[in-house]
Amino acid sequence: MTDRKTLENEAAQSTTALGPMIGLAREDFIGAVALLLRETASDPARSMKHARNMGEDMIKIMTGKSELAPDPKDKRFKDPAWQYNPFFRAGAQYYLAVQKGMQNWLADLELDELERDRASFISNIIIDGLAPTNTLIGNPTAQKRLIDSGGLSVIKGLKNAYNDMVHNKGMVSQVDKRPFKLGENIAISKGSVVLRTEMMELVHYAPTTDQVYEIPQLTIPPQINKMYINDLSPDKSVVKWQVDNGIQTFVISWRNPTKDQGHWDMADYIDSCREAMEAVSAITGSKKVNVSAGCSGGQTAAMLASKMAADKDSLLGSLTLMVCVLHPKQNDIEAGSLVSENGMQLARQRAAKQGVIKGDDLARGFAWLRPNDLIWNYVINNYLLGDDPPAFDVLFWNADATNLSASLMGDFLTIFETLAFTKKGEVEMVGHKVDLSKVTSDLFILGGVTDHITPWRACYRSTQLFGSKDVTFVLSQAGHMQAILNPPGNPKAKYFKSKNPGGPPKKVEDWLAGTEEVAGSWWPFWMEWVQSRSGKQKAAPKKLGNSAYKPLEPAPGLYVLEQR
């Protein structure tokens, strides 16, 4: 079965993120299932042919002549019993026969590319749910644990299941939250809230060096996750890395919206970002503010940059965008084929009626798009084996999701539908015509090699959208949040950067052909990039904030503690 480290890594690669999936309605799932049923009924002879082929496989299994075997990379079947025990070997082969039959049947259907992708995605979810490893009777590892523990594993598994029903809204827990406490062993960098509005808090972190760079950096976090991903633990804190390298560091902390705040839209968030930037400028005395952002925070930062360029506001300095897609395509992600125009409209209407999309609902829907990694792994670990889920800081943060206002969701879907960032002045949002070609800030763009949420090739497209003359693209050897949280000291860390002068070429293949692999974390390379765009050094301030922006609460602030 899956070991605990693998559980942590697989789930960490699947942290919740905004994307076209927020516009996925249940009708899109129903439509994909209806497509399968329609094709089954449309050609009975074809269905009979595949049923006959599957029957032949079943006969081979019953007579011990089947050569079906699990993929060696499939962690579900790594227990030796699947190979040596006749009962379990036959069980695996029956499952593989069904899987094979479904794949052959789908390949024979007369579908266009989009329909085929939808059918394949839905069928995989169904087949994954039928795996024998998901049941006690079909899981040899769980049966051995049952015997070895004298039945205590089943009792503990039932207790875990009960706790999830009562305390986790029926969803299997991905993380043991008990060891973590904000401000004590997570999010512990020293700092203070220096500005609080209805929508956000601005946190100013204390310098740890005698000298600091003149130009500060503001981080804009995603709206559906809390800001302390930037300051998880001392060994993987972006905040600590910045202050230890002389960067004056500020981070926005978004408030978790309620139904009454469902009217908060992109324009409101952009106004808050500008208010934060002006506060940072006033506190530090700098006429420039560098900005960094990731995921949906990166889309917000891109909209902010476009708006500021349209207003001829010169406050923005350099811009760092991490694991962020500005030019999405429907086939970028596995479930993208399920998204339809009608489904997005239905999702909009339901969100508007509710005011917000609850963070729990977002997490639940996201988990069922990757059930092997985010559901069945934990059913096996927590319920069948009776183990606690891993106590892992990234997963603790991911489980601490926030609500998404209906209006902001609508704006993100508009960006996806209209490809607003790819059009030069054709789409009007946030009181201006969106045009990234007018943004001339130096750009640092990060992608993750194994990121399936914001695939790195999709992230790379952003290099061609801006009017910037200085664009750097770096590829981190990890997936999504792990691509960002890849600090020095990780022996497996590596990244790829261009070894050729000039900006990133239009074709990603050309960039890839001209890259060099660098051992270690990308953080030092990025820090040199940031420092070279942060002006001169000066004496570090003795106090946080200033007379106009006085310290209010210790970091990480009050808004990260709100649970709604």
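**Cavities, a pocket, salt bridges and a surface patch**

Q: How many cavities of 30 Å³ or more does the rule give?
A: The count is 4 cavities of 30 Å³ or more. This is a predicted model: local features need pLDDT of at least 70, side-chain atom pairs count only at pLDDT 80 or more, and totals for chains, interfaces and linings use all residues. Residues are numbered from 1 along each chain as its sequence is written, and side-chain values use heavy atoms, without hydrogens and water.

Q: What makes a space a cavity rather than a pocket?
A: On a 1 Å grid over the protein atoms alone, a 1.4 Å probe fits in a cavity but cannot get out; a pocket is an open set with protein on both sides within 12 Å along at least five of seven lines. The second largest cavity has a volume of about 160 Å³, taken as the space filled by probe spheres set on the grid points, which are joined across faces, edges and corners.

Q: What is the lining of the second largest cavity by class?
A: This lining has 12 nonpolar, 5 polar and no charged residues. Ala, Val, Leu, Ile, Met, Phe, Trp, Tyr, Cys and Pro count as nonpolar; Asp, Glu, Lys and Arg as charged; the others, Gly among them, as polar.

Q: What is the volume of the largest pocket, and which residues are closest to its centre?
A: The volume is about 1200 Å³. His-167, Asn-168, Ser-173, Lys-177 and Ala-399 are closest to the centre, among 44 lining residues. Helices H8 (152-167), H13 (359-367), H14 (371-384) and H15 (393-399) each give two or more residues. The lining divides into 15 nonpolar, 15 polar and 14 charged.

Q: Why is the pair of Lys-100 and Asp-57 called a salt bridge?
A: The N to O distance is 3.3 Å. The rule asks for a side-chain nitrogen of Lys or Arg within 4 Å of a carboxyl oxygen of Asp or Glu, so the pair qualifies. Lys-100 sits in helix H5 (residues 86-108) and Asp-57 in helix H3, 43 residues apart. In total, 25 salt bridges are counted.

Q: Is Asp-57 buried or exposed, and how do you know?
A: Asp-57 has a relative accessible area of 10%. Buried means under 20%, exposed over 50%, partly exposed in between (1.4 Å probe, protein chains only), so Asp-57 is buried. Lys-100, at 32%, is partly exposed.

Q: Which parts does the pair of Asp-387 and Arg-145 tie together?
A: The closest N and O atoms of this salt bridge are 3.0 Å apart. Asp-387 lies in the loop between H14 and H15 and Arg-145 in helix H7 (residues 140-148), so parts 242 residues apart in sequence are tied together. Arg-145 is partly exposed, at 30%.

Q: How do you know that Arg-255 and Glu-562 link distant parts of the chain?
A: They are 307 residues apart. Arg-255 is in the loop between strand E5 (249-254) and helix H10 (266-284); Glu-562 is in the segment after strand E16 (537-539). Their salt bridge has its closest N and O atoms 3.4 Å apart. Both residues are buried.

Q: Which residues form a nonpolar patch on the surface?
A: Ile-59, Met-62 and Tyr-94 do, with about 310 Å² of accessible area together. Ile-59 is in helix H3 (residues 44-62).

Note on methods: Patch = residues over 30% accessible without salt bridge, like charges linked within 9 Å, V, L, I, M, F, W, Y side chains within 5 Å. Areas by Shrake-Rupley, 256 points an atom, 1.4 Å probe, with all protein chains shown as cover. Helix = DSSP H or I, 4+ residues; strand = E, 2+ residues; numbered from the N terminus.
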